[in-house]
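Me: I want to learn how to read a few features of a protein model. Can we go through them one at a time?

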Amino acid sequence: MKKQLIISLCFFCSTLVFSQVYNNVTPGVFIQGFQLTSSVVGDVNGDGRIDIVVSGGNASKPGEPTETVIYLNENTGFRLVEGLESGIDKGVFWSKMNLGDYDKDGDLDLVMQGWCKDGGVTSQRSFVYSNNGKAKFTLVTELQPISNGAVKWGDYDNDGDLDVLQVGWVDNPAGGNVFIYKNEGSGVFTLIPNDIIGIADGSDWTDFNKDGNLDILVSGWNRTELFKGDGKGSFTMTTFSIEQNYEFSAVNCTDFNKDGKADILISGKVPNINPEVFTAQLLKGNGDFTFTPISTPDLVGVARGPIKFGHFENDSNLDLFVCGWGVKNGNAGGTFSVYKNDGSSNFQIINQASIDIAGWTDGSMEIADFNNDGYDEVFVCGWGRNELFVNNEAPTGIIISKQDDDLKVYVSNKQLSIKTSKNLNNAKLNIFDISGRNVFSGINNISNKINLSKLQKGVFLVKLDINGIQYLKGIVL
């Protein structure tokens, strides 16, 4: 069933409350809130705009099956697409989701894991859905039943297609586990053996030592370990150690200082302390499995919630957004915080009184530029509420992005070629990953050939601003 949003995306231009950094512009179509929610963002229908996928238990129908819905960003508003229309007929809670092009057809496919309530039975399930490019999904296969933790696409064996990393809690037999699936093509995923310690909370994989192979970081249950990948499916524990281990932890491995080396942000609850204590650590990667701690005295830790980098301001520095269970105003509860990056690895908290965004535990958060104004919006969901916030620093009005046949982009060997008759002398180029994170920026005198060798494989959105008009093109590396 389709539901049209009457409110235009010009709600992003509503009257600003100058005492607040963010303005709540939640459209009516978001009223269908979920509990114990997961979400993921990306362009699922190939129109150059970032959409939102949400899964969980419907708060208004606690006895009903879990659901997955898509909020399609149609430039004039979001449109709610439910399972019967999208083809995603399953939903999960205590869950995680990820988008990636596993079949190399140029569109974003979906993997998700968690507890699924279906036909009166609640059980752990994991699903892989293929996308036909127009937000129409087909269930391809099921993976190891698992919940919580993390699920990520990534090419661990460097064969050019996306494999799957699953980390989380398995109910039978009970315990934390790590599963790695090799993408064999044609929708077939083969479970490969591994010796990685099973931990039920946070995980991420990236190339920490710049050898071209994905490594795996796992954290939780009072342990944090880093495993070196050899590109053939073998992962060996390193000597990595961390000052503080956590329970209910979250990790984010992002090159926040843009030096080409993966950094680590980790947050969680300190074990065996009452009243509860939450801390976080930021580690600058040195490119050789060693890390330098970055002093962040303002940084407040959270548990059971997302920690993400994005843009608080329209600059090239990645800022930090934190949501989850923590301490706010001296009391434990849901909290939300923003930390501004000054460009020198210093993160300073934005005045809490000026940020009127509620924090959720066991919810989700997405930081992305949904309306293409150059400023990231904040989407938060959980415990029966979905809310969207716009940064009040953003200029009034929205810029309508344009698809233009005169602008063509090509990728070969991680080199982006731009073919256009337009003058690029005063152009501005930004490239975003599927979460909406700005991973490349260029201003003025842009070359027709751009080296993207520092970007990992994946799906990206190229946004080119020429004389105030924006052009969008999708690429796959």
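This is a predicted model: local features need pLDDT of at least 70, side-chain atom pairs count only at pLDDT 80 or more; totals for chains, interfaces and linings use all residues.

Me: How do I read an aromatic pair, and how many aromatic pairs are found here?

Reply: Two values describe a pair of aromatic rings: the distance of the centres and the angle of the planes. A search of the whole structure gives 16 such pairs. One of them joins Phe30 and Phe78, at 5.3 Å centre to centre with 55 degrees between the planes. The Phe30–Phe78 pair counts as tilted.

Me: Where do Phe30 and Phe78 lie in the chain?

Reply: Phe30 is in the loop between strand 2 (22-24) and strand 3 (34-42), and Phe78 is in strand 6 (residues 78-81), so their pair ties together parts 48 residues apart in sequence.

Me: Are Phe30 and Phe78 buried or exposed?

Reply: Both Phe30 and Phe78 are buried. They also belong to one aromatic cluster, together with Tyr71, Phe370 and Phe379.

Me: What kind of aromatic pair do Trp169 and Trp221 form?

Reply: Edge-to-face. Trp169 and Trp221 are 5.5 Å apart, centre to centre, with 65 degrees between the planes. The pair links distant parts of the chain, 52 residues apart. Trp169 is in strand 12 (residues 163-171), and Trp221 is in the loop between strand 16 (215-220) and strand 17 (223-229). Trp169 is partly exposed, because its relative accessibility is 26%. Trp221 is also partly exposed, at 42%.

Me: Which charged end sits over the ring of Phe248?

Reply: That of Arg304, 5.9 Å from the ring centre.

Me: Now sheets. What should I look for?

Reply: Strands of a sheet pair through backbone hydrogen bonds, either parallel or antiparallel. Here, 4 strands form an open sheet in the order 15-16-17-18, with antiparallel pairing. Strand 15 (202-206) and strand 18 (235-237) are the edge strands, each pairing on one side only. On average, neighbouring strands of this sheet are turned by 20 degrees against each other, direction ignored.

Me: How many bridges join strand 15 to strand 16?

Reply: There are 5 bridges between these antiparallel strands. For Ser203, the bridge partner in strand 16 is Val218.

Me: Which backbone atoms lie by the polar side-chain atoms of Thr66?

Reply: The backbone oxygen of Gly91 is 2.6 Å from a polar atom of the Thr66 side chain. The backbone nitrogen of Lys117 is 3.0 Å from a polar atom of that side chain. Leaving aside neighbours within four places in sequence, Thr66 is in contact with residues including Gly56, Lys90, Phe93 and Trp115.

Me: One last residue. Where is Val302 found?

Reply: In the loop between strand 22 (291-294) and strand 23 (307-310). Val302 is at 2% relative accessibility, so Val302 counts as buried. Val302 and Phe278 are 24 residues apart in sequence and 5.6 Å apart in space, C-alpha to C-alpha. Not counting residues up to four places away in sequence, Val302 touches Phe278, Val322 and Trp325, among others.

How values were computed: Residues are numbered from 1 along each chain as its sequence is written. Side-chain values use heavy atoms; hydrogens and water are left out. Rings of Phe, Tyr and Trp (its six-membered ring) pair if their centres lie within 6.5 Å; planes under 30 degrees apart count as stacked, over 60 as edge-to-face and the rest as tilted. Helices (H or I, at least four residues) and strands (E, at least two) are DSSP runs, numbered from the N terminus. Buried means under 20% relative accessible area, exposed over 50%, partly exposed in between (1.4 Å probe, protein chains only). A charge sits over a ring if NZ of Lys or CZ of Arg is within 6 Å of the ring centre and within 35 degrees of the ring normal. Two strands pair if DSSP finds at least two bridges between them. Axes are lines fitted to C-alpha atoms, for helices over the stretch in contact, and angles run from 0 to 180 degrees between N-to-C directions. A polar contact is a pair of N or O atoms within 3.5 Å; within protein, one must be able to donate a hydrogen and the other to accept it, and residues adjacent in sequence count only if both atoms are side-chain atoms. Contact means heavy atoms within 4.5 Å.
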